[in-house]
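This briefing covers the salt bridges of one protein model. Please look at the sequence and the structure before reading on.

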Amino acid sequence: PPPPSLCHPLKWRRGVMGTAQASFAACRASNPGGLSAECLSMRMKNGSEVTYSINEYESFCALRDTMLAEWGYMEAEIVGEAMKEAPRPGRALPEAFVAAFDPVETSSDLLCFMAWEGVDPNRDRSAEIRLPQEEWEAQWSEHQERCEALSSRARAQYDGSSPAPAVASGQLVAHLTYLCLRGELPEGRAADPRLPTAFGLKRIGEERRPPPRRGEDLHEALLTQRVGIEDIVGTGFGKESVSLRLVNLAGEPLKIAIRQGSVLQHGDWQHRQNLLVSVDYIVHIPEGASVLKLLSTYCMNRSLACPSGGAMALTEFYFEDARTLASQSLVWDFFEGCFGGP
């Protein structure tokens, strides 16, 4: 289904509220008096003037109550006049939403913004408030084009000369850039990929990395084609959350070192968590054999869904801040700071 409209509290959460705030600012500038029983006329987003009936105004009130109940702010059965008389707060609304529309139960600005965003007062009052299907499809298509443009630039920069087979890094840079921009990609041009150093990442070949204490570094073995990656599958983060299958191509037994801080990416725009290997591993691979190794990982992006059994790729990047790598919470704190989080 289409996503919620920009007037919905879901669109006012920290990190995703920029578009909603900008649209409300435009609405407020065009309609400083809001929409109320005393002021039923307003200017719409397309510049047209609309005057609603008192019945349509009451429908907007009912739809607002349904929207707040859907969020969990009030019990679903508390609607209409009963809500105004005896509000029953539940789930807290996003701070930015409250700052814009307080008091939300009676805000004329909120009703006006609902109309501005295309909410139909004649719709089913129990229906979720979502974007019109055609508008959502157009926005989604444009957003995907911007995402792909960002990916293309990042892949051209970081994957065009990848020294090792089965190693890719561009999509990681694209995704981390997207998170820094809060998903607000520029119109008319591809976004500029952020430098990996903005996220504390170092790149194999550009930074001198001490050799592992034991075994042969996985990236080096891939570069010299002594080992190959058959597949990498992520199922979450934490203990044994990634399965890595390596195949021996060297004609002799191998001991491969998988280093703490190695970074794993998704190959496309899945909007799922990228992962860091959380501890060092030594994998023994007999001559001519392949071995499956389960790896424990840290999640790099806590606001996203976990990997769910999809293919992942080893990148050329690694993270070696030992203090941060001491725990998952420290990893989250570090990367949220990079993304501009609280």
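A salt bridge is counted here when a side-chain nitrogen of Lys or Arg lies within 4 Å of a carboxyl oxygen of Asp or Glu. The model is predicted. Searching the whole structure gives 15 salt bridges. Some of them are described below.

**Glutamate 95 and arginine 14**
- Glutamate 95 pairs with arginine 14 in a salt bridge, and their closest N and O atoms are 3.9 Å apart.
- This pair links distant parts of the chain, 81 residues apart: glutamate 95 belongs to helix α4 (residues 95-101), and arginine 14 to the segment before α1 (18-30).
- Glutamate 95 and arginine 14 are both exposed.

**Arginine 259 and aspartate 217**
- A salt bridge joins arginine 259 to aspartate 217, with 2.8 Å between the closest N and O atoms.
- The partners come from distant parts of the chain, 42 residues apart: arginine 259 is in the loop between β7 (254-258) and β8 (262-266), aspartate 217 in strand β4 (residues 216-217).
- Both arginine 259 and aspartate 217 are buried.

**Arginine 226 and glutamate 252**
- Between arginine 226 and glutamate 252 there is a salt bridge whose closest N and O atoms are 3.0 Å apart.
- Distant parts of the chain are linked by this pair, 26 residues apart: arginine 226 lies in the loop between α8 (218-223) and β5 (227-234), glutamate 252 in the loop between β6 (238-248) and β7.
- Arginine 226 counts as partly exposed because its relative accessibility is 23%.
- Glutamate 252, with a relative accessible area of 35%, is partly exposed.

Terms used:
Residues are numbered from 1 along each chain as its sequence is written. This is a predicted model: local features need pLDDT of at least 70, side-chain atom pairs count only at pLDDT 80 or more; totals for chains, interfaces and linings use all residues. Side-chain values use heavy atoms; hydrogens and water are left out. Helices (H or I, at least four residues) and strands (E, at least two) are DSSP runs, numbered from the N terminus. Buried means under 20% relative accessible area, exposed over 50%, partly exposed in between (1.4 Å probe, protein chains only).
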